[in-house]
Amino acid sequence: MVDIINNNSEEGDLSTATLPNTPTTTATTVADRQSLSSYEIPTSPSPTIISDSVCIEKELGWEPNDPENPQNWSKGFRWLYTLVVSSLVVSSAFGSSIVSGDRDGVTSEFHVSSTVHALQVSLMVCGFGVGPILWSPLSETVGRKPVYIIALGIYVIFNIPCALAKNIGTLLVCRFFCGFFASVSLTLAGGSISDIFSARERGTAIAFFAAAPYGGPVLGPIVGGWVSVGTGSWRWIHWVNMIFAFVMWVIVCFLPETYSPVLLRRKYGQGSLVESLKQNFDIQTILIRPFKLLATEPILFLMSLYVSIIYALLYAFFGSYPIVFGDIFGLNSGFVGLMFIGVLIGVFLALFFAPYWEKRYRNSKQTPEDRLPAMMYCAPFIPISLFIFGWTSHSHWVGSAIAGIPFGFGMVLVYYAANNYIIDCASQFAASALAAKTIVRSGGGAAFPLFIGPMYANLGSQWASTLLAFISIVILPIPFAFYKWGPQIRARTAAKHAAAVAAAKEVEKA
């Protein structure tokens, strides 16, 4: 049976990494499939979004070395696929921050405040949080590729009214819808990568995916600043973003499908797409499930909270960098954007060290908690960078620019470890767990740009940055706590879930 992390057919618990007594190889023989068909998958007392995905995989499975199995594709093609879907994430995240490259165009043309200008970023990030509720379960019904093509195509279109907007209302509404449709990349890229790599192989690939949602926003102001300086128009920022999105949409049109349950359904002719949608696409469950997971799974909630704060601190830079480098050091928008190169250097350094942490994991017992040392060692770089940024903000711009390096380094490796930890803890419903994490993360990213300007104005750059550093210090104990008590927490959650399943079966019998 293919090891697909996004087969979230059952609303299980975070302690479940694989189905018990289930083969972990990437293919099964006919005898294997016969034995699998008699295995009873634990059921949840609540309705599920996709009830047939794992069943299809278990009853049908892949033949050994089947070339249609995405995990049997050549290694080179799988890495090319990883590069493409990671670039999709970069494109979407890039679009959220590119508008920060121009601080004055929108405010002067529409006579609005800098806070309203910041809404261009915040509303698109809000769209990032809403979209996953739809895209994740839809992709597990119809497959990844159709969802990519439709959503990204509409994203390209919504950039046009942004560039042609005659009032601030049109611009802000269209920015929200840009985020809603662009979020398909943020939502599905991790699942697409996991479709083509086994659990043992996917760690390094996930590192590239982890860098994308953080590297993309860093590229935005670098490009947007010089587009603004070169053209003198904020509208060209949206045209450039549309061109980038269109190129990525054309590329994604040529990508093959990777989601195994859909591929198996096509191969064996098991059911039609319309039947699958009618039976498995429960809107009520789609809207409730991510929030239910956050409310009932402490590991998911706290790790999502940690990631959301780190993500929010990155988006805080889009408000603080123009203040420190523009207002204090007197640089223009183009050079302010170049200051983000420090963060970008940190991102690439993190990718350089990611294989070390992956090798360390492979040499461990490979429990979910063995993913956490990377987070434990690298998280302190974030408050260190914020202290440097704040207390060099009145001395020389080089010091503040260098502060971005440890931030980018710590940010990516923290996300890499947290993402893998959530996936390993929640393999049966990882797509919904990652969607829940994205909702929380996007909430933080949307909120911070709105108050960073007033906060830096009232506290000053030194103490405002120090406050952000203290926030990142407060959350430092989270990975250490899970490293020590994570197994007990997962076991306790598993026991509660088993009791709920047993109670549901008793009700059915009665």
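**Cavities, a pocket and helix packing in the predicted model**

The second largest cavity is lined by Trp 357, Arg 360, Tyr 361, Asp 370, Arg 371, Pro 373, Ala 374 and Tyr 416. By class, the lining comprises five nonpolar and three charged residues, with no polar ones. The space in the second largest cavity amounts to about 60 Å³.

In total, seven cavities of 30 Å³ or more are found in the structure. The largest cavity holds about 80 Å³ of space. Its lining is formed by Val 89, Leu 186, Thr 187, Gly 190, Phe 209, Pro 213, Tyr 415, Asn 419, Leu 434, Lys 437, Thr 438 and Arg 441. Two or more of these residues come from each of α8 (168-196), α9, α20 (404-425) and α21; the largest share, four residues, is that of α21. Six of the lining residues are nonpolar, four are polar and two are charged.

The largest pocket contains about 370 Å³ of space. Of the 17 residues that line this pocket, Arg 103, Ser 114, His 117, Ala 118 and Gly 319 lie nearest its centre. Helices α5 (114-130), α14 and α21 (430-474) each supply two or more lining residues, and α5 gives the most, with five. The pocket lining divides into eight nonpolar, seven polar and two charged residues.

Helix α9, which contributes to the lining of the largest cavity, and helix α14, which contributes to that of the largest pocket, also pack against each other. The axes of α9 (residues 202-231) and α14 (residues 298-328) lie 10 Å apart and form an angle of about 10 degrees. The two helices are therefore roughly parallel, as angles under 35 degrees are so classed. On the α9 side, the contact involves Pro 213, Tyr 214, Pro 217, Val 218 and Pro 221, which meet Val 307, Tyr 311, Leu 314, Tyr 315 and Phe 318 of α14. The contact consists of 10 nonpolar residues, with no polar and no charged ones. Pro 213 of α9 takes part in this contact and also lines the largest cavity.

A further site examined is Ser 91, located in helix α3 (residues 75-97). With a relative accessible area of 4%, Ser 91 is buried. Beyond its neighbours within four places in sequence, Ser 91 is in contact with Tyr 155, Asn 241, Phe 244, Ala 245 and Met 248. Ser 91 and Ala 245 are 154 residues apart along the chain, yet their C-alpha atoms are separated by 6.2 Å.

Terms used:
Residues numbered from 1 in each chain as written. Predicted model: local features only at pLDDT ≥ 70, side-chain atom pairs only at ≥ 80, totals over all residues. Heavy atoms only, no water. Axes fitted to C-alpha atoms, helices over the stretch in contact; angles between N-to-C directions. Parallel < 35°, antiparallel > 145°, perpendicular 65-115°, else oblique. Contact = heavy atoms within 4.5 Å. Nonpolar A, V, L, I, M, F, W, Y, C, P; charged D, E, K, R; others polar. 1 Å grid on protein atoms, 1.4 Å probe; cavity = no way out; pocket = protein on both sides within 12 Å on 5 of 7 lines; lining within 4 Å. Points joined across faces, edges and corners; volume = space filled by probe spheres on them. Buried < 20%, exposed > 50% of the residue type's maximum accessible area, 1.4 Å probe, protein only.
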